[in-house]
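Q: I have a structure open and I would like to learn how to read it. Can we begin with pockets?

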Amino acid sequence: MRFILLILLTFTLSYASSPYELGKNLYMEKGCFSCHGSKLEGIHEYPYLANRARGFLTYKLKRFRDKKSDNQQQEMMIAFATSLSDADIENLVTYMTDYVEDINGERYDDTYHTHGDGGS
(Lines give C-alpha, C1' and ligand atoms only; values in the text may rest on other atoms or scores of the structure.)
Protein backbone atom coordinates (compact mmCIF):
# COMPACT_ATOMS: atom_id res chain seq x y z
CA MET A 1 0.00 0.00 0.00
CA ARG A 2 2.82 2.41 0.85
CA PHE A 3 4.46 1.63 -2.45
CA ILE A 4 1.32 2.53 -4.41
CA LEU A 5 0.92 5.72 -2.40
CA LEU A 6 4.54 6.64 -3.11
CA ILE A 7 4.05 6.07 -6.84
CA LEU A 8 0.90 8.20 -6.90
CA LEU A 9 2.61 10.97 -4.97
CA THR A 10 5.61 10.90 -7.31
CA PHE A 11 3.33 11.00 -10.35
CA THR A 12 1.34 13.91 -8.91
CA LEU A 13 4.47 15.91 -8.11
CA SER A 14 6.02 15.24 -11.50
CA TYR A 15 2.81 16.26 -13.28
CA ALA A 16 2.50 19.46 -11.26
CA SER A 17 6.09 20.35 -12.09
CA SER A 18 5.97 19.44 -15.78
CA PRO A 19 7.13 22.19 -18.14
CA TYR A 20 3.57 22.47 -19.51
CA GLU A 21 2.03 23.01 -16.07
CA LEU A 22 4.80 25.37 -14.97
CA GLY A 23 4.32 27.38 -18.15
CA LYS A 24 0.55 27.46 -17.64
CA ASN A 25 0.98 28.71 -14.07
CA LEU A 26 3.48 31.35 -15.17
CA TYR A 27 1.16 32.47 -17.99
CA MET A 28 -1.60 33.06 -15.44
CA GLU A 29 0.68 34.61 -12.79
CA LYS A 30 2.19 37.11 -15.23
CA GLY A 31 -1.27 38.13 -16.45
CA CYS A 32 -0.65 37.12 -20.06
CA PHE A 33 -4.28 36.05 -20.31
CA SER A 34 -5.49 39.64 -20.00
CA CYS A 35 -4.24 40.45 -23.52
CA HIS A 36 -3.74 37.06 -25.15
CA GLY A 37 -6.80 35.32 -23.68
CA SER A 38 -7.22 32.43 -21.29
CA LYS A 39 -7.22 30.08 -24.29
CA LEU A 40 -4.25 31.84 -25.91
CA GLU A 41 -6.59 32.99 -28.66
CA GLY A 42 -5.54 36.65 -28.70
CA ILE A 43 -7.88 39.50 -27.83
CA HIS A 44 -8.48 42.52 -30.07
CA GLU A 45 -5.17 43.46 -31.71
CA TYR A 46 -3.07 41.15 -29.51
CA PRO A 47 -1.84 38.02 -31.30
CA TYR A 48 -2.89 34.46 -30.60
CA LEU A 49 -0.22 32.28 -29.02
CA ALA A 50 -1.71 28.78 -29.10
CA ASN A 51 0.25 26.22 -31.09
CA ARG A 52 2.66 28.71 -32.67
CA ALA A 53 6.16 27.64 -33.71
CA ARG A 54 8.50 26.97 -30.78
CA GLY A 55 11.46 28.79 -32.33
CA PHE A 56 9.43 31.90 -33.09
CA LEU A 57 8.00 32.16 -29.55
CA THR A 58 11.39 31.58 -27.94
CA TYR A 59 13.02 34.17 -30.20
CA LYS A 60 10.36 36.80 -29.44
CA LEU A 61 10.39 36.27 -25.66
CA LYS A 62 14.18 36.47 -25.52
CA ARG A 63 14.14 39.67 -27.57
CA PHE A 64 11.57 41.19 -25.23
CA ARG A 65 13.67 40.11 -22.25
CA ASP A 66 16.66 41.88 -23.84
CA LYS A 67 14.48 45.03 -24.17
CA LYS A 68 14.19 44.81 -27.96
CA SER A 69 10.98 45.07 -29.95
CA ASP A 70 10.02 45.40 -33.59
CA ASN A 71 7.38 48.09 -33.13
CA GLN A 72 5.79 50.35 -30.55
CA GLN A 73 2.93 47.95 -29.74
CA GLN A 74 5.41 45.20 -28.84
CA GLU A 75 7.25 47.47 -26.40
CA MET A 76 4.66 46.74 -23.72
CA MET A 77 5.89 43.14 -23.65
CA ILE A 78 9.31 44.23 -22.40
CA ALA A 79 7.98 44.95 -18.89
CA PHE A 80 6.53 41.43 -18.67
CA ALA A 81 9.58 39.64 -20.07
CA THR A 82 12.56 41.31 -18.36
CA SER A 83 12.29 39.11 -15.27
CA LEU A 84 11.98 35.82 -17.19
CA SER A 85 14.75 33.26 -16.87
CA ASP A 86 15.68 30.84 -19.66
CA ALA A 87 13.76 28.13 -17.79
CA ASP A 88 10.70 30.40 -17.53
CA ILE A 89 10.80 31.07 -21.26
CA GLU A 90 11.18 27.37 -22.01
CA ASN A 91 8.18 26.54 -19.79
CA LEU A 92 6.03 29.30 -21.30
CA VAL A 93 6.92 28.21 -24.82
CA THR A 94 6.12 24.59 -23.98
CA TYR A 95 2.70 25.65 -22.69
CA MET A 96 1.98 27.79 -25.74
CA THR A 97 3.17 25.30 -28.38
CA ASP A 98 1.56 22.26 -26.74
CA TYR A 99 -1.67 24.03 -25.71
CA VAL A 100 -4.79 21.90 -25.71
CA GLU A 101 -8.12 23.36 -24.69
CA ASP A 102 -9.44 21.87 -21.46
CA ILE A 103 -12.94 20.80 -22.42
CA ASN A 104 -13.60 19.40 -18.96
CA GLY A 105 -12.72 22.60 -17.10
CA GLU A 106 -15.07 24.77 -15.11
CA ARG A 107 -17.80 26.25 -17.25
CA TYR A 108 -20.54 28.81 -16.80
CA ASP A 109 -23.82 27.13 -15.92
CA ASP A 110 -26.38 28.30 -18.44
CA THR A 111 -29.06 25.75 -17.54
CA TYR A 112 -31.22 28.29 -15.72
CA HIS A 113 -34.84 28.05 -16.77
CA THR A 114 -37.70 30.27 -15.77
CA HIS A 115 -40.97 28.67 -14.73
CA GLY A 116 -44.40 30.18 -14.57
CA ASP A 117 -45.53 33.54 -15.85
CA GLY A 118 -43.08 35.63 -13.83
CA GLY A 119 -45.85 37.10 -11.68
CA SER A 120 -45.89 37.32 -7.92
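A: We can. Keep in mind that this is a predicted model. The largest pocket is lined by 25 residues. His36, Pro47, Leu49, Phe64 and Met77 lie nearest its centre.

Q: How much space lies in the largest pocket, and what classes of residue line it?
A: Take volume and lining together. The space is about 450 Å³. The lining divides into 17 nonpolar, 4 polar and 4 charged residues.

Q: What about cavities? How many does a search of the whole structure find at 30 Å³ or more?
A: A pocket is open, whereas a cavity is a space where the probe fits but cannot get out. The search finds 1 cavity of 30 Å³ or more in this structure. About 80 Å³ of space lies in the largest cavity.

Q: Which residues line the largest cavity?
A: Follow the chain in stretches. Lys30, Gly31, Cys32, Ser34, Cys35 and His36 are among them. Met76, Met77 and Phe80 complete the lining. Two elements give two or more residues each: α3 (33-36) and α5 (76-81). By class, this lining has 5 nonpolar, 3 polar and 1 charged residues. His36 and Met77 line this cavity, and His36 and Met77 are also among the residues nearest the centre of the largest pocket.

Q: Let me step back. How many helices and strands are there in the protein?
A: Count the elements, then read their order. There are 6 helices and 0 strands. Along the sequence the pattern is α-α-α-α-α-α.

Q: How do I read the packing of the protein as a whole?
A: The protein has 120 residues, and 26% of them count as buried. Next, take the contacts with a separation of 6 or more: 54% of them are between residues 24 or more positions apart. Last, the surface.

Q: Can we follow one residue? Where is Tyr27 found?
A: Start with its element, then its burial. Tyr27 is found in helix α2 (residues 19-29).

Q: Is Tyr27 buried or exposed?
A: Compare its relative accessible area with the cut-off. Buried means under 20%. Tyr27 has 1%, so Tyr27 is buried.

Q: What is Tyr27 in contact with, leaving aside its neighbours within four places in sequence?
A: List the partners and check how far along the chain they sit. Tyr27 is in contact with Cys32, Phe33, His36, Gly37, Leu40, Leu49, Leu92 and Tyr95. Distance in space tells its own story. Tyr27 and Val93 are 66 residues apart in sequence, but their C-alpha atoms are 9.9 Å apart.

Q: How many aromatic pairs does a search of the whole structure find?
A: For ring pairs, read two values: the distance between centres and the angle between planes. The search finds 3 aromatic pairs. Tyr27 and Tyr95 form a tilted one, 5.5 Å centre to centre with 55° between the planes. This pair links distant parts of the chain, from Tyr27 in helix α2 to Tyr95 in helix α6, 68 residues apart. Both Tyr27 and Tyr95 are buried.

Q: Why is the pair of Tyr95 and Tyr99 edge-to-face?
A: Look at the angle. Planes over 60 degrees apart count as edge-to-face. The planes of Tyr95 and Tyr99 are at 90°, with ring centres 5.8 Å apart, so the pair is edge-to-face. Tyr99 is buried, at 12% relative accessible area. Ring pairs link Tyr20, Tyr27, Tyr95 and Tyr99 into a cluster.

Notes:
Residues numbered from 1 in each chain as written. Predicted model: local features only at pLDDT ≥ 70, side-chain atom pairs only at ≥ 80, totals over all residues. Heavy atoms only, no water. 1 Å grid on protein atoms, 1.4 Å probe; cavity = no way out; pocket = protein on both sides within 12 Å on 5 of 7 lines; lining within 4 Å. Points joined across faces, edges and corners; volume = space filled by probe spheres on them. Helix = DSSP H or I, 4+ residues; strand = E, 2+ residues; numbered from the N terminus. Nonpolar A, V, L, I, M, F, W, Y, C, P; charged D, E, K, R; others polar. Buried < 20%, exposed > 50% of the residue type's maximum accessible area, 1.4 Å probe, protein only. Contact = heavy atoms within 4.5 Å. Phe/Tyr/Trp six-rings, centres within 6.5 Å; stacked < 30°, edge-to-face > 60°.
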